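Please read them with the structure open.

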Amino acid sequence: MAGNSKRAGAVRKTGSKKGAQVGTGGHSRKALQGKGPTPKAEDRTYHPAHQRKVAAEKRVAAGRRPGGPGGRGAGRKGAGATEVVAGRNAVLEALRAEMPVEGIYLATHLESDDRTQEILEIAHARSHPMFEASRLDLDKITDGAVHQGVAMKVPPYDYKDTEDLLDAAAEAGEAPLIVALDSVTDPRNLGAVLRSAGAFGAHGVLVPERRAAGVTASAWKVSAGAAARVPVARATNLARELAELKKSGCFVVGLDAGGDMEVGELAYATDPLVLVVGSEGKGLSRLVRETCDAVVSIPIATTTESLNAAVAAGITLYEVAKQRAVAPSGE
């Protein structure tokens with residue numbers, strides 16, 4: 001009978017005029033709108049990862065690096081990062097070479113010997129900061145390297161601008177003498193070049209920013225302390241930087257096999273000079289070679305294919321120093 005609400009299957013009517021609502025009707029989607037993705041653990045204030053992040057930021061603000069004893073990332077190296085020297089011999093050699101020190105770490109209950117005794121004597125004499133660390137901490141600091149209970153942190157090298165090298169020559173009242181390295185990737189070669197540059201009066205060394213050796217602990221040790229006296233500048237683009245040096249009045253001379261002249265005939269020795277040394281085997285790159293005013297070679301026996309880059313630099317710097325020594329004053 002019409003209007004009988006008790007009839008089986010009847011739907012009770014209400015005063016509302018809403019349409020049929022089958023299922024969720026999208027209500028769940030609307031409820032989730034605006035919430036966005038789940039935050040990272042380090043961004044959730046209640047999460048331990050957030051607490052570690054805050055602690056790390058406080059250490060950085062206080063001048064301490066996250067790679068300290070027991071810290072995350074200890075012993076890892078990146079661009080401009082602190083470098084770690086591990087082992088008794090390596091640390092002692094680094095100290096003898098007057099390498100800058102950020103901190104020396106000694107294992108608890110370290111068994112002393114002549115090397116550790118000398119390390120302590122040098123560190124005390126130069127007031128280097130020293131810390132006692134557990135073996136586990138040292139493992140983290142050195143990234144698992146063999147440390148023999150001794151490690152040393154070295155601060156990032158302070159590279160100069162090319163203008164600083166020219167300023168050093170001007171302050172000394174001398175014609176600039178700069179050594180540029182083209183794609184020399186072995187830091188030991190860089191260290192040997194620094195040693196020769198210091199011995200023969202060069203005002204600095206110029207290296208490319210990419211695909212080339214930088215002043216690492218290895219380079220510093222091989223330089224035998226010269227890295228503390230001879231500034232090193234970095235160039236984003238070596239060929240372009242050499243062109244700028246030419247505009248500043250410098251002659252650019254490359255060292256390569258099959259050059260225009262032998263090193264003893266170098267005509268620009270007493271002028272403002274940039275000596276460019278190429279990598280062993282590959283020599284000078286095409287763009288750098290095209291930038292050179294001249295390319296000189298070192299006569300060698302036919303049984304020897306090529307000279308080590310550092311050796312070639314040392315021979316040429318000696319020749320330049322010899323010519324400058326006998327040049328009339330004012331030339």
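**Notes on the predicted model**

1. The crossing of helices α3 and α4 is left-handed, a term used when the near helix is turned anticlockwise from the far one by less than a right angle, clockwise being right-handed. The two helices, α3 at residues 88–96 and α4 at residues 114–125, pack at an angle of about 35 degrees with their axes 10 Å apart. Axes here are lines fitted to C-alpha atoms, for helices over the stretch in contact, and angles run from 0 to 180 degrees between N-to-C directions. From α3, the residues R88, N89, V91, L92, L95 and R96 meet R115, T116, E118, I119 and I122 of α4, contact meaning heavy atoms within 4.5 Å. By class, this contact has five nonpolar, two polar and four charged residues. Ala, Val, Leu, Ile, Met, Phe, Trp, Tyr, Cys and Pro count as nonpolar, Asp, Glu, Lys and Arg as charged, and the others, Gly among them, as polar.

2. On sources: this is a predicted model, in which local features need pLDDT of at least 70 and side-chain atom pairs count only at pLDDT 80 or more, while totals for chains, interfaces and linings use all residues. Residues are numbered from 1 along each chain as its sequence is written, and side-chain values use heavy atoms, with hydrogens and water left out.

3. Overall, the protein has 11 helices and 11 strands; these are DSSP runs numbered from the N terminus, helices being H or I of at least four residues and strands E of at least two. Of its 331 residues, 37% are buried. Buried means under 20% relative accessible area, exposed over 50%, and partly exposed in between (1.4 Å probe, protein chains only). Among contacts with a separation of 6 or more, 78% are between residues 24 or more positions apart.

4. Helix α3 also lies across β1, β2 and β4, at about 40 degrees to β4. These strands belong to an open sheet of four, ordered β1-β4-β2-β3, with mixed pairing; two strands pair if DSSP finds at least two bridges between them. The edge strands are β1 (83–86) and β3 (130–133), and the twist averages 25 degrees from one strand to the next. Strands β2 (residues 103–107) and β4 (residues 150–154) run antiparallel and are joined by four bridges. L106 stands opposite V150 in β4.

5. A second open sheet has seven strands in the order β7-β6-β5-β10-β8-β11-β9, with parallel pairing. Strands β7 (232–235) and β9 (261–262) each have a single partner, so one side of each is left without a neighbour in the sheet. Four bridges join β6 to β7, and P208 has A235 in β7 as its bridge partner. Helix α9 (residues 238–247) lies across β5, β6, β7, β8 and β10, at about 160 degrees to β5. Helix α11 (residues 309–326) packs on the sheet and touches β5, β8 and β10.

6. D143, in the loop between α5 (135–141) and β4, has a positive phi near 60 degrees and is exposed at 52% relative accessibility. R211 has a positive phi of about 55 degrees; it is found in the loop between β6 and α8 and is exposed at 68%.

7. How many disulfides does the structure hold? The count is zero, a disulfide being a pair of cysteine sulfur atoms within 2.5 Å. C250 is buried at 5% relative accessible area, and C292 is buried at 11%.
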